[in-house]
Amino acid sequence: MSLIEILGAILSALAVWLTSRRSMICWPVSLAAAGLYCWVFLKARLYADAGLQIAFSLYVIYGWRHWRRMEKPDGRIRVRRPTRRTLLNGLLCGAAGSAVWAFVLARFTNDPMPVTDATLTAYSILAQCWDTMRYRETWSLWIVVDSAYVALFLSRGLYPTAVLYAGFVLLAVNGYRLWKPDPSAASPG
């Protein structure tokens, strides 16, 4: 346990809470948390998760700009509905990404859990993508992914991070409850 991990956990929890409230400040807080966690995961030899923090940083920059254009007069963000095809394609891309990333990690790194690390990383990227697109389903996916992350982080001795991710599960349940799609916000696919 390090001060960087604890600060990263606090900022990450704050960022998810702000996202569930559809607050624009979630983006700079998320960016700071991703930077801290990139360092934590590199130290723990969870390379896919360290790389994930870099991907999150890119999504944060994109999401920040994208949400800004979709802001309602009250400062909240419009929630959209993806089509079934969009959801299925996303899940299939997550599976393909998991397979490729697991191969790379198993072959070229000393990652102790390459398949788990790769799978959670691939589906985290998908959930982040759905977040930037303002899909309510992002929260369902985060519930599953974050629950699995709790077990991974406990196995790696990252106890503050495991507690954080357990909290993320609760925040994701709340996010799902709060993110009700606008009736006219169906996605074209």
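Modeller: Start with the term. A nonpolar core is a set of buried Ala, Val, Leu, Ile, Met, Phe, Trp, Tyr and Cys residues joined through side-chain atoms within 4.5 Å. Note that this is a predicted model.

Colleague: Which residues touch the most other members of the largest nonpolar core?

Modeller: Phe41, Tyr149 and Phe153, in a core of 46 residues. Helices H1, H2, H3, H5, H6 and H7 each supply at least two residues of this core.

Colleague: What does phenylalanine 153 touch, not counting residues up to four places away in sequence?

Modeller: Phe41, Leu46, Asp49, Leu158, Thr161, Ala162 and Tyr165.

Colleague: Why does threonine 86 count as buried?

Modeller: Buried means under 20% relative accessible area. Threonine 86 has 13% relative accessibility, so the residue counts as buried. Threonine 86 is found in helix H4, residues 84–108.

Colleague: What makes the link between the side chains of threonine 86 and threonine 83 a polar contact?

Modeller: The cut-off is 3.5 Å for a pair of N or O atoms, one able to donate a hydrogen and the other to accept it. The two side chains are joined at 2.8 Å.

Colleague: How do you know that the reach of H1 is close to the expected one?

Modeller: The expected span is 1.5 Å times one less than the number of residues. H1 has 18 residues, and 26 Å is expected. From first C-alpha to last, H1 reaches 26 Å.

Colleague: What do the buried residues of H1 pack against?

Modeller: H2, H3, H5, H6 and H7. Among the buried residues of H1 are Glu5, Gly8, Ser12 and Val16. Just after H1, arginine 22 takes a positive phi of about 60°.

Methods:
Residues are numbered from 1 along each chain as its sequence is written. This is a predicted model: local features need pLDDT of at least 70, side-chain atom pairs count only at pLDDT 80 or more; totals for chains, interfaces and linings use all residues. Side-chain values use heavy atoms; hydrogens and water are left out. Buried means under 20% relative accessible area, exposed over 50%, partly exposed in between (1.4 Å probe, protein chains only). Helices (H or I, at least four residues) and strands (E, at least two) are DSSP runs, numbered from the N terminus. Contact means heavy atoms within 4.5 Å.
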